[in-house]
Amino acid sequence: KKTTNCFLSFERNIAPYKKIHVERQYGSFQFQNKKDSRFLIYLIPNLKTLLNLKKKNRNFSSMNFSFSILNRYVSIFDIFSIYLFTLFSYLKLKIFFNKDNYFFIENVNCSQILKNLLESSFSGKIQDELIYGLALRRFLNDYKCSRFFNYCEFFNFSKSFYYFAKTSRNKIKIITINHFPYDKNNLFFSLHKRDFSHKKDFLKYSPKPDIFLTQGELYKKYLTKIFCSKKNIYAIGSLKSELNQFSVKKEKPKKIINYKKLKKKIISIFLSSNSHINIIDQLRFVDLTNFYLIIRPHPFLKDIKQKIINEFTVKLNLNVDTAENLTSKDVMRLSHFIICDDSSSIIDAILFKKKITKIFRIISNIEPPNFSEEQGIPILGSKKEIENFLNKKKYIKQTNKKKIIKDFFFKNDYKASDRLTKLIMKGKI
């Protein structure tokens, strides 16, 4: 079996698009060379997936692409052997910990947090990464792929996938697409050049992609410092945003007019993580009588979406809306204020919002923020700051749109796929 391009996909990124389904992260590029490409889809291994497997397969088939399911390449023997291996490794680690404290950072003892985190990773996370890493290698041994496209970056599963892809039988290029806004305060972007090497010594150095495609210049500069080279790092723009120019469903005017007729100002809240805890913690003290809240959790939060909505409703003592019939872009254009966490929606909001719309982030003492002021988004951390901002008693300078485009989009021209295709044609990928 032979296919030139393998596209790794996580099922929650497969979404309706016109009359078919598409993989949001690959933008228009996925429509090119369809005959010589194959999707490899990771399904969340739970009961809900099993119960909805037929429906999922229909959705995947509507992509009009050849596809395989990564989970089907999992071996029962692998599961048993990996769990045994990690159990012995965990016991060895416990003995190792008894000899010394290895968790000092700048002379501060961080063992209470870091030791527990390391130990808890043995309760399923490490096993899953190894099991699905082996499944990936088994797939790549079956299909002779020249290019392995993914958007794992350095998130969960990434290093396992990079390692097992490189140890497959075939010579393969790992091409990683940056799909998430870079921020130095996000732990996943906390890399160190000592962790990587050009040598294929995976025992001493971390696995990494062969080629990195960033959305903007900021992340490209950061990776250049980490890998000590500009070679094989290219800023191409956002593939995902290419679909925005086509996929917006125009709603009946009444739906938008109804929101516009509201006597209250609209605050839309876009979420991608547990940051709703911080947002609720601060907003519960704020007088929101004259505001109407629209909550937009990320698709990855689908399983806990209703729980999040209920938390806002109960703790803020307000009826909140999700504006299900509107696209995110429409919601942004309707809003007077937009609150985001580390979600890529905050970058979209800067591009799509009206001039009068104000964007900000909220922090509290409950959860540490995984974003910083590097993106130029105002960060508010008290009842007084938030109320003054909402009631226009305090002016806070908004981020520079041109700088955001350069740093995070390279160029906002919906031509990232064209740049990627040119790199392939030139033999750089």
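**Figure 1. Helices α3 and α5 cross.** The axes of helix α3 (residues 76-99) and helix α5 (residues 125-142) come within 10 Å and cross at roughly 140 degrees. Axes are lines fitted to C-alpha atoms, for helices over the stretch in contact, and angles run from 0 to 180 degrees between N-to-C directions. The model is predicted: local features need pLDDT of at least 70, side-chain atom pairs count only at pLDDT 80 or more, and totals for chains, interfaces and linings use all residues. Residues are numbered from 1 along each chain as its sequence is written, and side-chain values use heavy atoms, with hydrogens and water left out. Helices (H or I, at least four residues) and strands (E, at least two) are DSSP runs, numbered from the N terminus.

**Figure 2. Residues between α3 and α5.** From α3, D78, I79, I82, Y83 and T86 meet I126, Q127, L130, I131, L134 and R138 of α5. These contact residues divide into 7 nonpolar, 2 polar and 2 charged.

**Figure 3. E119 in helix α4.** E119 sits in helix α4 (residues 111-120). Its relative accessibility is 15%, so E119 counts as buried (under 20% relative accessible area; exposed is over 50%, partly exposed in between, with a 1.4 Å probe and protein chains only). Beyond its neighbours within four places in sequence, E119 is in contact (heavy atoms within 4.5 Å) with Y90, K94 and F97.

**Figure 4. An open sheet.** The 5 strands pair in parallel, in the order β13-β12-β14-β15-β16. Two strands pair if DSSP finds at least two bridges between them. β13 (291-297) and β16 (379-380) stand at the edges, each with a single partner strand. In β16, I379 is the bridge partner of R361.

Definitions and conventions
Ala, Val, Leu, Ile, Met, Phe, Trp, Tyr, Cys and Pro count as nonpolar, Asp, Glu, Lys and Arg as charged, and the others, Gly among them, as polar.
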